[in-house]
Amino acid sequence: MAKYILVMDQGTTGSRGVIYDEKGKKLVYDYEEYEQFFPHSGWWEQSGNAVWDVTLRTAQNAVKKAGIDPKDIACLGITNQRETTTIWDKATGEPIYNTIVWGCRRGVDICNDLIEKGYNDTVNKKTGLVIDPTYSASKIRWILDNVAHAQERAEAGELLFGNIDSWLIYKLTKGKVHAEDYSNAARTMLFNAHELVWDDELLEIFNVPKCILPEVKPSVGIFGYTDPEFFGVEIPIAGVAGDQSAALFGQACFDVGSAKNTYGTSAVPLMYTGDVAPETEKGLLTVAWGKDGKVKYSMGASILIAGQVIQWLRDKVNIFENAADSEAMAESIPDNGGLFFVPAFTGLGAPHWNPGARGMMIGITAGTTKEQMARAALESMAYQTRDLLEEMEKNAGIKLKELKVDGGAAQNDFLMQFQADILNCDVVRPKDTETTALGACYLAGLGVGIFKDEEELKGLWEAEKVFHPQMDAETREKLYAQWCKAVEKSKDWL
Ligand code: ADP
């Protein structure tokens, strides 16, 4: 019986093809990057064809490396960078413009115009987001406005839009299936997160013809079959979710109030809220995934500068050689010596939304040392995480249960212990920290019945280390109050 699970983990920088066994154990992977294009300041593109080529190749290479017969692959799972937008010609399958990446800001004017016209409330109520160029809608609008005859052709049904999951599914099925999953659709700003349909009013606001949009399907279940050209056999595409949703799933966050945080260059905390779609004016709602005809919700946002603060100390201030050295430095002193570091290098994102803030260290005295700087930098990741999680707790009326962690900086034991202390909850680091790919493996395995349900997955999921809170309440709240004061002082500098 087919027992392997193939995953395409399509990230912003590159794609990873991964093979898992029927217990969700990673066997092998292959990874390759694609070229990034920055045609103007603030613009960011990739080649849709290159993304497809690299993603297919790394999956094929993973199958080769594993030395398995493709007949033994039970299913394919896909996870992808969210919001990223491709529009292609329905007849030829050729993109009509480069893929516009989530971080591209070219939709700023389109968004500002809609905010000025007073549409933010409508968008917020229907999608749980706030109008912002990150989401797909303004990227679609830009392509339809700027590629010759695109609007006309879209209205005539000659073009198709997709997030990357949809684009890969279309290519893998040779154009037979044009679909995407709920978690991806919910990041377009065109999808009604409560009624679970493409929203006619939102489509009108953005002037996007419905016929270009993919069918929206549950994250678990058969989307279609890969054409035999690619792996020699047809493989069912059985699980699909955007990267942050997949990571939440791969962290087995299935209990209301359990959350994950990915500590990379930036950090992305996400809290599982189950059947509840909390109202959030700060735009924190996201559809976690769809399964068994229903969706589950989550709340989350990005901390713009997380691990990058460590890179900055390493590369620009040169106080240590390797990011990992920050751990020993921070642990060599008993406390931060009153030093707080607000890394608002590009302003503050959610929940502060203060673009005019700039980075700041405060509490410097003649005795301040580089060890204290390293410690204050690490602590800033933990404080920023609490800022966001507290906002989510408030919006959702749900108490944080535990925090599962991944990403490069989650390897820092000092940071993880401090995070547990400042949140006053357990911080749990898994054995397999590639949680995005693991989530796609779990989703696809459920889709074909390799896994029965979330309970079984919880049993398969393995923790590597649990950090229990050790700090007394008085110290914790005093430190956090000082952090909040520092954040206030960093605001509106520009
Ligand atoms: P991304 O996927 O965003 O590139 P990664 O998950 O690979 O990020 O994590 C890299 C980031 O984590 C870098 O910003 C780096 O400074 C930081 N980092 C890596 N290892 C450590 C460590 N041991 N302690 C603190 N920060 C670290």
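This is a predicted model: local features need pLDDT of at least 70, side-chain atom pairs count only at pLDDT 80 or more; totals for chains, interfaces and linings use all residues.
Colleague: How do you know that the span of helix α17 agrees with its number of residues?

Modeller: Helices are DSSP runs of H or I with at least four residues, strands are runs of E with at least two, and numbering goes from the N terminus. The expected span is 1.5 Å times one less than the number of residues. Helix α17 covers residues 473-490, which is 18 residues, so it should span 26 Å. Its end C-alpha atoms are 26 Å apart, which agrees.

Colleague: What makes one face of α17 the buried one?

Modeller: Buried means under 20% relative accessible area, exposed means over 50%, and partly exposed lies in between (1.4 Å probe, protein chains only). In α17, R476, L479, Y480, W483, A486, V487 and S490 are buried. Seen down the helix axis, these buried residues fall within an arc of 115°, so they line one face. The arc is taken from the directions from the helix axis to the C-beta atoms. An α-helix has 3.6 residues a turn, so residues three or four places apart point the same way. On the other side of α17, E474, K478, K485 and K489 are exposed.

Colleague: Which elements do the buried residues of α17 pack against?

Modeller: They pack against β19 (340-342), β20 (360-362), α13 (370-396) and α14 (413-423). Contact means heavy atoms within 4.5 Å.

Colleague: Why is D492 called exposed?

Modeller: Its relative accessible area is 58%, and the cut-off for exposed is over 50%. D492 sits in the segment after α17. Its phi is positive, about 55°, although D492 is not a glycine.

Colleague: Why is K174 called partly exposed?

Modeller: K174 has a relative accessible area of 47%, so it counts as partly exposed. K174 is in the loop between α6 and β9 (179-181). It is not a glycine, yet its phi is positive, about 50°. Most residues other than glycine have a negative phi, and most peptide bonds are trans.

Colleague: Where is a peptide bond cis?

Modeller: The bond from A350 to P351 is cis, with omega near 0°. P351 lies in the loop between β19 and β20.

Colleague: Why does Y135 count as buried?

Modeller: Its relative accessibility is 8%, so Y135 counts as buried. Y135 is in the loop between α3 (120-127) and α4 (136-146). Leaving aside neighbours within four places in sequence, its contacts include E83, R187 and G283. Y135 and E83 are 52 residues apart in sequence and 5.1 Å apart in space, C-alpha to C-alpha.

Colleague: What makes β17 and β23 edge strands?

Modeller: Two strands pair if DSSP finds at least two bridges between them. The open sheet of seven strands has the order β17-β18-β16-β15-β21-β22-β23, with mixed pairing. β17 (285-291) and β23 each have a single partner strand, so one side of each is left without a neighbour in the sheet.

Colleague: How do you know that β21 and β22 pair?

Modeller: Two bridges join β21 (residues 402-406) to β22, and the strands run parallel. K404 stands opposite V428 in β22. With β23 (residues 463-467), β22 pairs in the antiparallel sense over four bridges.

Colleague: What is the hand of the β-α-β unit of β21, α14 and β22?

Modeller: The unit is right-handed. A crossover is right-handed if, with the strands pointing away from the viewer, the path from the first strand over the helix to the second runs clockwise.

Colleague: Which way do the residues of β22 point?

Modeller: V427 and R429 point one way, V428 and P430 the other way, and all are buried. In a regular strand the side chains alternate between the two faces of the sheet.

Colleague: What is the order of the sheet of six strands?

Modeller: The open sheet runs β3-β2-β1-β5-β14-β13, with mixed pairing. Its edge strands are β3 (26-33) and β13 (220-225), and each pairs on one side only. Strand β5 (residues 73-80) is joined to β14 (residues 236-242) by five bridges, and the two run parallel.

Notes
Residues are numbered from 1 along each chain as its sequence is written. Side-chain values use heavy atoms; hydrogens and water are left out.
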